Amino acid sequence: VFGKTMFPLPGGVFDLTCESGQADPTMCDVAVVGASKQGDTWVVAAGDEILVKVIARDRFGNQTHWNDGQAVGVEARGPEFIAFSVTGATGVKADYLARMVRAGTFELRVMVDSLAVCWRAVQVVAGPTFAPCRSS
């Protein structure tokens with residue numbers, strides 16, 4: 001290093017384990033299951049359920065978990081307000097489920113301690129329609 005030869009010290013080898021830090025709400029990320037991604041927008045058909053996985057990260061971007069006492073939630077605001085319900089979490093309060101039935105553009109928000117910390121656009125498009133069947 002810097003033109004000098006370095007020699008290891010006897011017994012100087014040691015292991016160092018770095019673990020992720022405390023969850024930083026402003027660094028969270030989301031994955032949306034049940035919707036397709038087009039650019040920066042998630043697209044889902046009206047009436048389909050979507051699962052939002054909130055990925056907690058520390059201030060350096062390492063995956064971590066939410067701390068006890070942190071109030072985490074997911075909501076969508078647009079033509080109507082949708083509160084997502086917690087479902088089978090893989091981490092502490094990590095998975096949220098909702099059925100979006102009204103077509104339009106929504107802002108998907110991750111709320112931590114009542115503050116919106118992560119936003120994503122969701123476009124709900126009209127689902128398939130079926131003509132009534134008539135038998136003669």
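**A strand-only chain: the sheet and its salt bridges**

Let's start with one pair. Ile-50 has Ala-98, in E8, as its bridge partner.

Some ground rules. This is a predicted model, where local features need pLDDT of at least 70, side-chain atom pairs count only at pLDDT 80 or more, and totals for chains, interfaces and linings use all residues. Residues are numbered from 1 along each chain as its sequence is written, and side-chain values use heavy atoms, with hydrogens and water left out.

Now the overall picture. The chain has 10 strands and 0 helices. Strands (E, at least two residues) and helices (H or I, at least four) are DSSP runs, numbered from the N terminus. Of the 136 residues, 29% are buried. Buried means under 20% relative accessible area, exposed means over 50%, and partly exposed is in between, with a 1.4 Å probe and protein chains only.

On to the sheet. Four strands form an open sheet, in the order E1-E4-E8-E7, with antiparallel pairing. Strands E1 (29-33) and E7 (85-86) stand at the edges with a single partner strand each, so one side of each has no neighbour in the sheet. Strand E4 (residues 49-55) pairs with strand E8 (residues 95-99) over 5 bridges, in the antiparallel sense. Two strands count as paired if DSSP finds at least two bridges between them.

What else links E4 and E8? A salt bridge here is a side-chain nitrogen of Lys or Arg within 4 Å of a carboxyl oxygen of Asp or Glu. Arg-99 is partly exposed, at 47%. Glu-49 is partly exposed too, at 40%.

Next pair. Asp-95 and Lys-53 meet in a salt bridge at 3.3 Å, N to O. Asp-95 is in strand E8 and Lys-53 in strand E4, 42 residues apart. Asp-95 is buried, at 3% relative accessibility. Lys-53 is partly exposed, at 27%.

How many salt bridges are there in the whole structure? The search finds 6. Glu-107 and Arg-109 form one of them, at 2.5 Å, N to O.

Last stop, Pro-25. This residue lies in the segment before E1. Leaving out residues up to four places away in sequence, Pro-25 touches Trp-66, Gln-70, Val-112 and Val-117. Contact means heavy atoms within 4.5 Å.
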